[in-house]
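Dear colleague,

I am passing on the structure we spoke about, and I would be glad if you could look through it alongside the notes below.

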Amino acid sequence: MKEAWTQRLLQSVSGFRNKRRPVWLWLPVLLLVVLSCLPIFYIVMRASEVGWEKAIGLIFRARVYELLINTVKLAFTVTLVSVLIGVTTAWFVERTRIPGRKMWNVVVTLPFAVPAFVSSYSWISIYSGFEGFGGAVLVLALSSYPLVHLPVAAALRGMDPALEEISRSLGYSRMQTFFKVTLPHLRPALLGGAILIALHMLAEFGALAFLNYDTFTTAIFDQYNVAFNSASAAMLSLVLLVLCLVILGLELLIRGKAKYASVGKGTPRKRELISLGWMAIPALIGFTVLAVLAVGVPLGTITYWLLTGTSAGFDFPEVFSSLFSTLAFGAGGSIVTILFAFPLVILAIRYRGLFSTLSDRLPYFIHSLPGLVIGLAMVSFAVRYAFPLYQTAPLLLIGYAVLFLPLAQSSIRGAMEQVPKQLEEVAGSLGKNPLTVFFKVTLPLVAPGVGAGLSLVFLEVMKELTATLLLRPTGVDTLAVKIWEHTSNAEFAASAPYAALLILISGLPVYLLTMRSFTQKKEG
Amino acid sequence: MKALQIRHLSKSFTSVHALKDIQLDLEEGQMLAVLGPSGCGKTTLLRSIAGFETADSGTIEVGGHIVFDKQTNLKPEKRRIGYVPQEGVLFPHLSVAKNIGFGLSRKDRNSSRIDEMLELVGMKGLGSRMPHELSGGQQQRIALARALAPSPSLVLFDEPFSALDAGLRADLREDIKSMLKKVGATSILVTHDQEEALSMADVVAVMRNGSCVQTADPISLYKYPTDIKVAKFVGDATIIKAQVLNGNIKSLFGNLPVASGCPKDCELASVMIRPEQFIIGKPDLHLPGQVGGKVLKTFFYGHDAMVYLKLDDSFGGDEIQIRVMGTPVFEPDEYVSIQIDGEVMAYVHEDEALA
C-alpha cells in the first residue's frame, strides 16, 4: 500500500512517466481542487474578518458544546437504529423464504423516494409531539436504513454459502454462525452504510428544522439566515468540518485492519433459502409495521392533505412552475455532473499519478461535507469575487455537481472498468483518432453506467434542499423549496401537492435502480 | 462398526430425481470416492450426509449413530462431520490459526492442537498468516486442517482439487492421502475426475442420474465395470461387437476368454477391451489371433501414446484406439498386427450402449 503510494508520488514528481495527460483531462481536476478548498478559505476569511481572538471565542462556548452533544447523540442513535433495521431487513429478504420476498425487497427501499424533510413534515402535521430527539431518531432512521439495507443485502447475496456451511459443520448453530461468520463478512458493507448515515446526519437540515431539533447544521443556517451572523456561522462550520473528519478518520481506522477480500473466485453454489415456518408471521408483521411507518405514514398524510386541501384550492400555475424548475435543475444538474465526472474517471482509470489519485479521492471527501457548508462557501465567494454569478442557475448547477460528483463517478467508473484498454488501442490501430475512438467505442460501452449515474444524480438534485435554498436564483422555487416554505409556516395542506409530486417523480429512478440491483447485482 | 452406512436414501427436487435409493457402506479409516459427471447427484449426496440438505427418505448412520431417518434429522452442527469445499473457502477475516481453531473448544484452542494440525498439513509456523496471503494449495491444506482439528467421525471433500493446476493437484492429492492415513480419518471425496478417484480412494462409487450404479475397489472397477457406460467413464475403452459361446468370444481377434460374471452365451455382445490390453507388432498374418491394420495417426502424451488404427477390411474395417507405453515407433500408413492380452468384458448388446 505504502509502496504504491510512494511510487505514484515519484511518478508524478519525476514528470510524466506515463502517457501525457491532455489539458482537458486535468483542468477539471484543478477546478475540483479549488472548489474543495473553498470551505476552508471561507472559514479562514470570515475568521480574519472578525479577528482571530473573537473567532476562537465563538468556537469555545457553551452553545457549541450543547450543539456538539446534540449532533453526536443524534448521529450515533440514528446510525445504530438504521443498522439494526437495515441488517434485519436485508437478512430476511436475502436469506429466508418470507412470503412476498421480491415485493418486500422493493418496499423496504421505497423510503429512498421520500426525502427525510418530506416525511418529517408528514409526521409533525399529524402531531406536533413528534418534535425533539425521539421524533428525529424515528423519522431519520426510517428514511436512512435503506443505506444499510442495500449494501448489506448485496454482500449477503455475494457471500459464498460454503462459509456458513463450514461453520455449521464445525459445530456452530445458525445463530452462532451469523455472529461468528456472517457478520464479520458484512462488516465492510455495514461500515460503509453506517458512515454514510452518520455523515448524512451531520448534514441533515430540513427534517431537523421541522422537527425542532438543533444540530450544527440547523444552527449554522439560523446564524446565517436569521441572525445574519456570518462569522458565527463560519466558526460553527469549522467545528462541523472537524466532526466530519473525525468520522472519516474513524472509518479509516476501523477499515484499515480489515484488508480481507473474498479468497476464492469460483462461482458460489445457489443458496438454499431458509423456511421460516411459524416465524413467518412475526416477520411479516415486522415488515408491515416498517412499511407503514416508513412509507405508509408519509404517503397517507400527504394524500390526506391533498384531499382536504383540494377544497381550499391549489395554486396550479405555481405548482407547475416549481415542477418545471425542479425537472430543469434536475436535468441540468445531472448533465453538468456527468460532464464533470467523465474526465475525472478517465484520468483515474487510464492514467496514474498524483492527479489521478486526487481526482479519484477528492470528490468523496467533498461529498462528505455538509451541503450547507459548501453552499455557504460558494455564496460568500460569489458575493465577494464573482458577483455576476451570485444567485444564478450556473452557480447552483456547479454546486450540485460538487455535491453529487461521487455518485456519477462511481457509476461511470464501474462501467468504464469493463471496457478494456486494449479495445481502445485496437480502434486506434485501425486508424481512428482518440476522439472518434471515445465516441464510437468507449461511450457506447459505458452508456449504461452513464444512464445510472444520470438518474442517481437527477434524483438527488430534485430532493436537495439546503444548497438550493442558499444558491438558487431569486424567484425560482423547486418543489423541495416550496415544501420547505409552506411547512415552515405550518401550511401543511399547501405543501401537499409539492410533496406528492416530489415523491412521484423521484420514485421512478428509485424503482429502476432497485430492480436493477435485484436482478443483476452479484458482488464478487 | 461401520463408519458410514446409507440405506435407501432418496431425494427429488421439483422435477428431477436427485438421489435414487442410494446404498453405501464405508469402513473406518477408508476413503470413498463418489465419481460421476456433473448433475449426477453426487454433490446432493454429500450435502445430505453433511446435513446441508434434507433427503426425502432413507437412513444415514455415521459412526453407529443415526443422523438421519424418518424421525431424526440432526442439524449439521450436531453431526461431527468435517467439510472441505471446492477452493477451501477459509474464513477471510480470521488468521490461519484461528481458522484451524474455529471448531475447537476453548480448552483445545489453547492446547497444542492448532500447532499439531499445522504440522500435519506441512505448514508449521504459518499460523499468523491471513488467508489471502496463501496460495491456492496452501489454502486447501488449511481447509483440511480446519476440518480435521475437532477429530470428526467423517470428512467430506467436495471436488477439492478442481481449482488447482495440474502439477499442484497431483502433489496435493498424495499429501492429503497420506495426512488422512496418518490420523486414520474416514473420508468421502466427490469428484468427476476418474484419475483422482482411482488413485486416491479405497472404494469408488460411480453415480449416474441419481443412482449408484457400481461400488467397488479401484482395480475391480477399472477391470470389471458393470456396464459399457461405466467402462467408458473410468477409462479409455475399445468396444467391438461379437458372439459369446461357452465363455469364449469368437471375434476378429480370435478366441478371447471372458471375465467371470459376464454372460457365457450371447448371440450379440458388446466387448470392452482396455487400450493397454492390445499388443502391437510387426504383421505376421500366419499366426492365429492376429489382426492386421493400418496406422492412421498417433497422439503422443509423453508417458504414453495413443495409436489410432483402421482394421483391414477383411477384419471388419473398424477404427480402434490403442494405448502404447513409451515413445511410439509407428508411422502413419504403416501396417501392424494386433493381439489381445488377458480377459475381456462382455455385455449383452444394447443399441444405446454403442451410441
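The notes below cover how to read the model, then a helix pair and a sheet.

This is a predicted model, in which local features need pLDDT of at least 70 and side-chain atom pairs count only at pLDDT 80 or more, while totals for chains, interfaces and linings use all residues. Residues are numbered from 1 along each chain as its sequence is written, and chains are lettered from A and ligands numbered from 1 in the order in which they are written.

In chain A, helix 6 (residues 116-126) packs with helix 7 (residues 133-144) at an angle of about 135 degrees, the axes being 9 Å apart; helices here are DSSP runs of H or I with at least four residues, and strands are runs of E with at least two, numbered from the N terminus. Axes are lines fitted to C-alpha atoms, for helices over the stretch in contact, and angles run from 0 to 180 degrees between N-to-C directions. Helix 6 and helix 7 of chain A are therefore oblique to each other (under 35 degrees counts as roughly parallel, over 145 as roughly antiparallel, 65 to 115 as roughly perpendicular and the rest as oblique).

In chain B, five strands form an open sheet in the order 13-12-11-14-20, with antiparallel pairing, where strands pair if DSSP finds at least two bridges between them. Its edge strands, each pairing on one side only, are strand 13 (254-257) and strand 20 (345-348) of chain B, and neighbouring strands of the sheet are turned by 45 degrees against each other on average, direction ignored. Strand 14 (residues 266-273) of chain B pairs with strand 20 of chain B in the antiparallel sense over four bridges, and B:S270 stands opposite B:Y347 in strand 20 of chain B.
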